[in-house]
Amino acid sequence: MTERTPLPGKKYKLSINMFVLLMVLVIAVQGTYLGYVVGMLTTLEKRFGFSSEKSGWLLSLYDIGHTMAILLIGYIGSHYHLPRITGIGVLLSSLSMFMLALPVLFYGTADYTQEQLLQKKEAYAMEMSCDLEGRREISSQGEDCWREHSEHTNAFIILAFGQLFAGIFAAPFNTIAYVYIDSNVKQKRESPFLLGLLTSMYAFGPALGFLLSSILNGVYTTLGDAPDHIGTHDEHWIGAWWLGFLFCGTAYLLLAVPFFFFPRTYKHPDSFHLMLEHSRPEVSPEDRLSFKENIELFLREFPMVLKKLLSNKVYITMVIAWMFGSYLIGGYQTYLPKFIETQYGRSASMADIYSGIISVGAIAVSTALGGWILSRYNIAPRSSIICLIGSWVVILVSYIVGMNLGCSQPKVEGLSYVDYADRWHFYHNQEREQECLEYCNCETVLKFDGVSSNGHNFYSPCHAGCTNYDPFSNTWSNCQCVYGSAVDKGLVHPECDIFFAYLAVMMIGLFIGNLFFMVTMMIVLRSVFDEEKVIALSLASFITNLFGFIPAPVIYGFFIDLCCILWNRQCPNERGNCVLYDNDKFSKMFHGVNGFFQIFAIIFAGICYWVSKSVKLPEEMPMQEFPESREREYRDEDEE
């Protein structure tokens, strides 16, 4: 049976637009899920007792799975029906979402009954109060620590596999689907706008995820009434973490079906791509390779394909520039909520909202607009590289300005800077030298639970000399270091009105700086021949993930930890998490590291432009010569 070629015109355009619309929705769901997981991490830690380290592993497993699969999917997928491969990925992604919600079936929605919650609050009062009778010991607190951090190992395993599978099954989204659109558009000038529209959803989607996590964190996990005297700000409140995964899984499931009804190609009868296909001998269904044979072919041919791509100077220099540019997402965006929260004293939820505003208002809108500009004015590949370099210089300038728009950190009683040691110290275990703490036994308090009164901050209620705790209102009173009055939960930050100036600078800088980010993908696709596009884009994503997105959180986390001046010791002999940073050092370190990677991105983009001037891109070859040159190339490879 002869495969029918779709007619050009409105039917063709509608079909391509349908595929693009579906992919926009799929990537929106994917981005929503990625943002939702980050927004729900604290809830998962509270519900299942995960440590911060294990929470970090949950995030990394997605990128690890994606990196593992992307090369294999890209190579094998190029031999099959691209829309159906994409549809299978969407369908399996829905199963991974349902898998992430599975622990709620095995372990229930809530962990504590009303009586258990009251018992925990009594233990908390004993742990944090001014211990005038000297009954509290570090050793007993260690036992409490062990109980509180006992992990539901099976729940972690389920969530870990769910994250890993989610990364693996999403491999076709930003490789195979992108190549299908780029190879089938009627005019090449339309491609940057369509691909830019898809890429912008990777910034817009997480903002939806943060919004969804914010909403569901306000819904109690049982979907019913919470226990008495437990509010959303209580440490024992558990949000409906599992519901968001069900939403994403259902959305994936509904979107998967249409992909199986798209044809293998929508190429125009007079198109260059169809001429190339007709120049090759037809392969009968009986002669087509099986999946196993394709795997064997991949293992046999991939080293040669890899060598060929890595020797393509335009391709590899742009991939390296793309890799360094990815630190904007993998590093800056990942830690931006933490930076806003600690630097400007915003709550965690408001920090997420402001980060979402930057994601949508700057990065998402900018990427889509940049793709439209490239398409509307049909900017040539080499000229577009110049535009990319100029926009990245603007990002670098915004980092330099941003590092000087910080605020001072809160002052905590007992915390002082020692000049000769260039270090911060907290009391030196000399709390008893303070008159109001002489008999409080505060050196046995490990955990941070900041309180404040009249502008004075204290490490814990004990360090404020508090003796009375009301478990129903969750308040401390009779605090000797504030003349017997009550204290408020949380630290008081010094007044600083520079936040919105910082927000404006970064939004403008990132908006202009991301206008031409799609150039990276466009040059990767334009620097290789059509049959190489899938594996070329897959290899580019592999390199970007392996050397960009995966190590970025670790690298940034290391440098940010260097700025910590007060640690929350959750357990004896453990450092715990940071609760107070040297804000001036944090601001300069955070933006300095970003600027360092941005400089390398600009350098390699410049090298790519310089190299591209001395070579001819595939699309610049005369159409009548192209099949002959490719045939000659294949013949030379066979002779070797």
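N454 counts as exposed, with a relative accessibility of 74%, and in this predicted model the residue is found in the loop between β3 and β4. Its phi is near 50°, a positive value in a residue other than glycine.

In general terms, the strands of a sheet pair through backbone hydrogen bonds, in either a parallel or an antiparallel way.

Further along the sheet, β5 (residues 466-470) is joined by four bridges to β6 (residues 475-479), and the two run antiparallel. Here D470 has T475 in β6 as its bridge partner. The pair forms a hairpin with four residues between the strands, and N474 in the turn has a positive phi of about 60°. On to the next neighbor, β6 pairs with β7 (residues 485-489) in the antiparallel sense over two bridges, with C479 standing opposite S485 in β7. That hairpin has five residues between its strands, and Y483 takes a positive phi near 60°.

| Strand pair | Bridges | Residues facing each other |
|---|---|---|
| β5 and β6 | four bridges | D470 and T475 |
| β6 and β7 | two bridges | C479 and S485 |

Turning to the helices, α14 (residues 327-344) bends by about 45° at L336, and a proline, P337, follows within four residues. The helix is mostly covered, since 14 of its 18 residues are buried. Just after α14, G345 takes a positive phi of about 70°.

The helix α15 (residues 348-376) contains S366, which counts as buried because its relative accessibility is 0%, under the 20% that marks a buried residue. Leaving aside residues up to four places away in sequence, S366 touches L510, F511, N514 and L515.

In the loop between α15 and α16 (381-402) stands N378, which has a positive phi of about 50° although it is not a glycine. N378 is partly exposed, because its relative accessible area is 46%, a value between the 20% and 50% limits.

For the protein chain as a whole, the model has 22 helices and nine strands, and buried residues make up 50% of its 640 residues. Among the contacts with a separation of 6 or more, 80% are accounted for by residues 24 or more positions apart. The chain exposes about 29,900 Å², of which carbon and sulfur atoms supply 61%.

Conventions
Residues are numbered from 1 along each chain as its sequence is written. This is a predicted model: local features need pLDDT of at least 70, side-chain atom pairs count only at pLDDT 80 or more; totals for chains, interfaces and linings use all residues. Side-chain values use heavy atoms; hydrogens and water are left out. Buried means under 20% relative accessible area, exposed over 50%, partly exposed in between (1.4 Å probe, protein chains only). Contact means heavy atoms within 4.5 Å. Accessible areas come from the Shrake-Rupley method with a 1.4 Å probe; for residues, only the protein chains shown count as cover. The bend at a residue is the angle between axes fitted to the seven residues ending there and the seven starting there. Two strands pair if DSSP finds at least two bridges between them.
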